[in-house]
Amino acid sequence: MSFQVACATTELDPEEALQVILADSAGTNVPVAVVRDSDGSWHAIGDTCSHQNYSLAEGDVEDGTIECWKHGAPFDLATGNPLSLPATKPVPVYSIEINDGDVLVDVDVTL
Ligand code: FES
């Protein structure tokens with residue numbers, strides 16, 4: 001596959017996240033959290049918390065992390081690694097680009 005439009009840059013302010021569903025090259029739907037960090041940088045991570053199946057996009061975004069709203073595990077936006085319990089496994093981090101007002105994500109390429 002390749003980069004797909006996930007949303008427009010105008011849809012997220014800093015410290016916000018949005019769940020989008022994108023299809024990978026096999027046609028499988030992949031839930032992605034598109035995240036805009038405190039400094040305005042953009043990230044795309046797997047939207048399903050690795051502890052239980054809750055959406056990370058509903059969590060709090062701050063200074064390079066998103067905190068799962070359900071039990072509070074924070075995830076590093078750059079690596080997908082959990083920074084404390086109860087999550088112990090990483091979530092995938094996807095390639096992301098900004099082009100002409102669009103946020104583009106490639107769900108076939110993990111970083
Ligand atoms: S479901 Fe995310 S920390 Fe428990």
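**Figure 1. Pairing of S6 and S7 in the three-stranded sheet of the predicted model.** Two strands pair if DSSP finds at least two bridges between them. Strand S6 (residues 65–67) is joined to S7 by 3 bridges, and the two run antiparallel. One of the residues involved is isoleucine 66, whose bridge partner in S7 is phenylalanine 75. The open sheet to which these strands belong has 3 strands in the order S5-S6-S7, with antiparallel pairing. Strand S5 (60–62) and S7 are at the edges with a single partner strand each, so one side of each is left without a neighbour in the sheet. From one strand to the next, the twist averages 25 degrees.

**Figure 2. The six-stranded open sheet.** The strand order is S1-S9-S8-S4-S3-S2, and the pairing is antiparallel. Strand S1 (4–8) and strand S2 (16–23) are the edge strands, each pairing on one side only. The twist from one strand to the next averages 30 degrees. Strands of a sheet pair through backbone hydrogen bonds, either parallel or antiparallel.

**Figure 3. Strand S8 between its two partners, S4 and S9.** With strand S4 (residues 42–46), strand S8 (residues 93–99) pairs in the antiparallel sense over 2 bridges. Alanine 44 is opposite tyrosine 94 in S8, and isoleucine 45 is opposite valine 93 in S8. With strand S9 (residues 102–110), S8 pairs over 6 bridges, again in the antiparallel sense. Here serine 95 stands opposite aspartate 106 in S9. S8 and S9 form a hairpin with 2 residues between them. In the turn, aspartate 100 has a positive phi of about 55 degrees.

Figure 4. Not counting residues up to four places away in sequence, valine 35 touches Leu12, Glu16, Ala17, Ser41, Trp42, His43, Val61, Ile66 and Leu77. Among these contacts is Ile66, the residue that bridges to phenylalanine 75 in S7. Leucine 83 is 48 residues from valine 35 along the chain, and a distance of 17 Å separates their C-alpha atoms.

**Figure 5. Serine 84 in the loop between S7 and S8.** Leaving aside neighbours within four places in sequence, serine 84 is in contact with Ala73 and Pro74. Alanine 73 and serine 84 are 11 residues apart in sequence, and their C-alpha atoms are 5.7 Å apart in space.

**Figure 6. The largest cavity and its lining.** A search of the whole structure finds 1 cavity of 30 Å³ or more. About 40 Å³ of space lies in the largest cavity. Its lining is made up of Cys49, His51, Gln52, Tyr54, Cys68, Lys70, His71, Ala73 and Pro86. These lining residues divide into 5 nonpolar, 3 polar and 1 charged. Ala73, one of the lining residues, is also in contact with serine 84.

Note on methods
Residues are numbered from 1 along each chain as its sequence is written. This is a predicted model: local features need pLDDT of at least 70, side-chain atom pairs count only at pLDDT 80 or more; totals for chains, interfaces and linings use all residues. Side-chain values use heavy atoms; hydrogens and water are left out. On a 1 Å grid over the protein atoms alone, a cavity is a set of points where a 1.4 Å probe fits but cannot get out, and a pocket is an open set with protein on both sides within 12 Å along at least five of seven lines; lining residues have an atom within 4 Å of a point. Grid points are joined across faces, edges and corners, and a volume is the space filled by probe spheres set on the points. Ala, Val, Leu, Ile, Met, Phe, Trp, Tyr, Cys and Pro count as nonpolar, Asp, Glu, Lys and Arg as charged, and the others, Gly among them, as polar. Helices (H or I, at least four residues) and strands (E, at least two) are DSSP runs, numbered from the N terminus. Axes are lines fitted to C-alpha atoms, for helices over the stretch in contact, and angles run from 0 to 180 degrees between N-to-C directions. Contact means heavy atoms within 4.5 Å.
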